[in-house]
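Reader: I would like a close look at one part of this model, taken slowly. Please keep to what can be read from the structure.

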Amino acid sequence: MSEGILVVAEQHNGAFRKAAFEVLSEGRRLADSMNTDLTAVVIGSGIENIAGEPGKYGADNILTADDAALADYNTDAYTNVLAGIVKLKNPALIILGASIHGKDLAARLAARLDAGLVMECIEIQLINDKLIFTRPMYGGKILAELEIEGRTQIVAIRPNVMSIKESNKAGRVEKVDARIGDVNTSVVEKLIEEGDKIELTEADIVVAGGHGTNGDFAAIEELASLLGGAVGASRFAVDEGWRPHSDQVGQTGKIVSPSLYIACGISGAIQHAAGMSTSKNIVAINKDPDAPLFSKADIGIVGDLAELVPAITEEIKKIQG
Amino acid sequence: MDIVVLVKQVPDTESLIQIAGDGVSIKTDTIKWVMNPYDELAVEEALRIRDTQSGSVTILSMGPKRSVKTIQTALAMGADKAVHLNDPQAEGSDSLATAKILAAALKDIPYDLIIAGQRAVDQDNFQVGAAVAEYLSIPQISQITKEEISDGKIKCHRTVEGAIEVVEASLPALLTTQRGLNDPRYTTLPGIMKAKKKPMETKVLADIGIDPDTVGESNRKVKITALKLPPERGGVTMIDGGSVSEKAAALVSKLHDDLRII
């Protein structure tokens, strides 16, 4: 009989990702309503000093797979280790964060275990003892409710959607025998991105620019940096070469759910809206009063962004003193 | 270098998606069907590798009859041949079943490299590539923006949160694409004419040894119980009137004092 919830708490270089606390908090909430235990899995190298942290976010037990071969994320090694732990613990539900690595791992694990996987989940409900998972499809134009059949259910949660909640639990740490097995891929180099750039999918505030910027993102960058946020871009801006592909928000780019999304000079094609419609608050700035994005926004301003964005920056400087 | 590209036909990203009467599927009559944009990157990359290393590019696609048009597009871009899996009993398969079918078909196609889109922009599952790699027991490198092949190994760049990783795998391997990998070529009239003469095999589940009772709509592990439209937002509040700085101040006051998000 499968029981318990297993959460994979993702860490990079000895620090947990924000998404790790989101999946732990959600795991705790479900464990309480299902009256079961929450076990966190931490995979990495030299992680003993952070291993207890998941206890703060509700883990009853923490399993660490600590091995030099696990220092960098590696599909084969991580899947082998995690599949070994699943075999041992036989959980009913496995929760991961849908980061780049998380999605890669979840998909391989699902195939290995022959288990159903719900990717990029944004809501989990327990209805009549059944888990109902909600996830966007068609780039967010549709929300699907899903059930998973079978002994083990796997879900990867979209970053920045679930709230973080502290709840001190025992967090008993146990080191497991990491069975690394056959490994056919290796990270040969890691190029760390410059400075303290905030990852778009994890940012609490995103300031994005499109066609209306005419390629000048200086004011948008200044506003984003002042707010501690990240810069996003429409497909048009990326296709024009104004911004790197990694900044693209939309159906064929990144999907973001910040607390605040400020769209500057983005008309709001269906494919862009797909990437940002789950943002909690949306501000649209556009000189065209008929821009479709106004209908998706909470607050709109018609005007020239070349004037408005620096003026907003000035106003924020005033309140920040 | 023999390369197989996994291709799927999907609704154009500008399409309006409407829920069908059954509440669990979408209306398909008004949709414009195109090649999955991430698969265009996959086809383009395969062609570039073939053109520098020699070898062949085979398109493998599962879907109903209308998928032929998308397969023809891939052939018109320059792929050499295609296998079309068209069996009504495969329809509605979930990601794992789809991957099982594709992996079974790949047993009859020689490959050194398989390239797939990171996801199909219909159900956005991000699963089929990894599952095919698992069923074939080959390594996968997902969401790549650059690749380099030498001495039977492939080295790929992948952008993750906060870093670019360079990942190496031995061949055969499966890659999935990320935007930035390349700019897919457009088809040309001569390309389209040539495509019509290129070999395309059509197969059903029995041809690849798949039991229809293990796949398709009725054997989904992940069942769609309902589709709904995303909740409507409360409507837009426009900040009108006043000078640029008055508008800016009104916005900042709303975000700071009312919503408390900055």
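Within what distance do the axes of helix α3 of chain A and helix α4 of chain B come, and at roughly what angle do they cross?

Author: The model is a predicted one. In it, the axes of α3 (residues 100–113) of chain A and α4 (residues 128–136) of chain B come within 8 Å, crossing at roughly 45 degrees.

From α3(A) they are A:D104, A:A107, A:R108, A:A110, A:A111 and A:R112, and on the α4(B) side they are B:A130, B:A131, B:E134 and B:Y135. Sorted by class, this contact has 6 nonpolar and 4 charged residues, with no polar ones.

Elsewhere in chain B, strand β6 (residues 113–117) is mostly covered, with 5 of its 5 residues buried. In a regular strand, side chains alternate between the two faces of the sheet. For β6(B), one side carries B:L113, B:I115 and B:G117 and the other B:I114 and B:A116; these are all buried, and both faces are covered.

β6(B) also has strand partners. With β1 (residues 2–7) of chain B it pairs in the parallel sense over 4 bridges, and B:A116 of β6(B) is the bridge partner of B:L6. The pairing of β6(B) with β10 (residues 173–177) of chain B is likewise parallel, over 5 bridges; there B:L175 of β10(B) is the bridge partner of B:I115.

Terms used:
Residues are numbered from 1 along each chain as its sequence is written. Chains are lettered from A and ligands numbered from 1 in the order in which they are written. This is a predicted model: local features need pLDDT of at least 70, side-chain atom pairs count only at pLDDT 80 or more; totals for chains, interfaces and linings use all residues. Axes are lines fitted to C-alpha atoms, for helices over the stretch in contact, and angles run from 0 to 180 degrees between N-to-C directions. Helices (H or I, at least four residues) and strands (E, at least two) are DSSP runs, numbered from the N terminus. Two residues are in contact if their C-beta atoms, placed from the backbone, lie within 7 Å. Ala, Val, Leu, Ile, Met, Phe, Trp, Tyr, Cys and Pro count as nonpolar, Asp, Glu, Lys and Arg as charged, and the others, Gly among them, as polar. A residue is buried if 20 or more other C-beta atoms lie within 10 Å of its own, exposed if 12 or fewer, and partly exposed in between; C-beta atoms are placed from the backbone. Two strands pair if DSSP finds at least two bridges between them.
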